[in-house]
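Visitor: Could you take me on a close look at the core, and then at whatever else you find worth a stop along the way? Please give the cut-offs as you go.

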Amino acid sequence: MASSKIILTAICIASFYLSASLAFPGHHEGAYPVGNSGLSPDYYRHTCPQADEIVVSILKKAIAKEQRIAASLLRLLFHDCFVQGCDASVLLDDTEEVVSEKNAIPNKNSIRGFEVIDEIKAALEEACPHRVSCADTIALAARASTVLSGGPYWELPLGRRDSKTANMKLANKNLPPPNATLHRLVKFFQRQGLDKVDLVALSGSHTIGMARCVSFKQRLYNQHRDNKPDITLEKGFYYTLASTCPRTGGDNNLRPLEFVSPSKFDNSYYKLILEGKGLLNSDQVLWTGRDPEIADLVRSYAENESLFFEHYVNSIIKMGNTSPLVGSNGEIRKNCRRSSILTASRKADKMAIPGSASKPY
Ligand code: HEM
């Protein structure tokens, strides 16, 4: 009787491990995954326990040199995850095989922070060669940027792998433009499996960082193609913006997205929106876009910073779990700007075709 119980228990344990390994093939490097993303906060516990420390120490130096870099790195996570999932596709440079997302309209002359990601990745490679993906490097850098700016900390699921390709067309399609209506913003987020709470909470990332005049100029001079300003802009704020952004020229001049505490991650963003002082159209319409659920959230976050932080953490984890590559999908890039698989196949091609290694002109 006792021995049959032992056998039964052994069968149960064995079948549990078998089904776990079938559910997460190749996921043997870290601790067990949480949720259904296949990611786990303990993923690097054995293979690179110092990964986060490395990211934080490099970021501290980078932020001391330039405050804005924290905002730029946080934005990288958004622009990565909204285009074929959080797979570091945004980091790939143009090559013969890759059309870089860096040249998509929402990214060109705008997205930044690649040199700091390179520096972090080089340090990770030195400490734990070929272990930490570029996609996780972005996610770790985004969390550290938030925390170092005074924002909330979250347990970050890890174990993403890197894509072998980028998708510039999808970047143009999936990244919302700053002049989008509220209805369209909701649709852009829905496409990623994100809801209205995620939209309002994640827009709070605009509590840090800068925007170029070109991103909000339409509001000053031609909001409805009528040569008039956006009537929802508070008057004094309008004049301040117009002094930085003239009707013609100055497109690359910068304004803080949130001017009260532009490098502190707090809830001032929502307080300003209630006063008609949101910078982008996409910021202000959260309040003026006539969606009572969304407007209520803006008011609640303006009144209660802890609630904002609580929702922000849930939403950024959710966004960070978008279609990750796990198991044997994708790869771990050594250099985040290039897919090593494509580099290897190009090398092989060149070796196969005599004389092709040195192109004439
Ligand atoms: C709701 C839709 C969103 C739109 C339409 C939008 C649009 C923009 C635009 C136009 C800029 C300024 C770019 C420039 O002028 O060069 C910007 C900056 C920024 N965005 Fe968003 N964004 C959105 C959501 C998000 C989300 C979800 C995050 C992060 C999770 C985010 C993080 C940031 C940050 C931190 C900056 C400042 C970057 C810097 O200073 O380098 N944004 N965004």
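Guide: Happy to start with Val-55, which is in contact with Ile-120, Leu-140, Ala-141 and Ala-144 once its neighbours within four places in sequence are left aside. Here, two residues are in contact if their C-beta atoms, placed from the backbone, lie within 7 Å. This is a predicted model, in which local features need pLDDT of at least 70 and side-chain atom pairs count only at pLDDT 80 or more, while totals for chains, interfaces and linings use all residues. Residues are numbered from 1 along each chain as its sequence is written.

Val-55 belongs to the largest nonpolar core, which holds 74 residues; together with Ile-138, Ala-141 and Val-298, Val-55 touches the most other members. Such a core is a set of buried Ala, Val, Leu, Ile, Met, Phe, Trp, Tyr and Cys residues joined through C-beta atoms within 7 Å. A residue is buried if 20 or more other C-beta atoms lie within 10 Å of its own, exposed if 12 or fewer, and partly exposed in between. Helix α3 gives the core its largest share, nine residues. Helices (H or I, at least four residues) and strands (E, at least two) are DSSP runs, numbered from the N terminus.

Helix α3 also gives the shell around the ligand its largest share, five residues. That shell has 25 residues, the closest being Ser-72, Ser-110, Ser-205, Gly-209 and Ser-215; a residue counts if its C-beta atom, placed from the backbone, lies within 6 Å of the molecule. Two or more residues each come from α3 (69-81), α8 (196-203) and β1 (210-212).

Helix α8 leads us on to its partner α7 (residues 182-191): the two pack at an angle of about 105°, with their axes 9 Å apart. Since 65 to 115 degrees counts as roughly perpendicular, α7 is roughly perpendicular to α8. Leu-185, Val-186 and Phe-189 of α7 make the contact with Lys-196, Asp-198 and Leu-199 of α8. Axes are lines fitted to C-alpha atoms, for helices over the stretch in contact, and angles run from 0 to 180 degrees between N-to-C directions.

Asp-198 has another partner, too. Lys-318 touches Leu-194 and Asp-198, not counting residues up to four places away in sequence. Lys-318 is found in helix α14 (residues 305-320), and its C-alpha atom is separated by 8.4 Å from that of Asp-198, 120 residues apart along the chain. Lys-318 counts as buried because 20 other C-beta atoms lie within 10 Å.

Conventions
Parallel < 35°, antiparallel > 145°, perpendicular 65-115°, else oblique.
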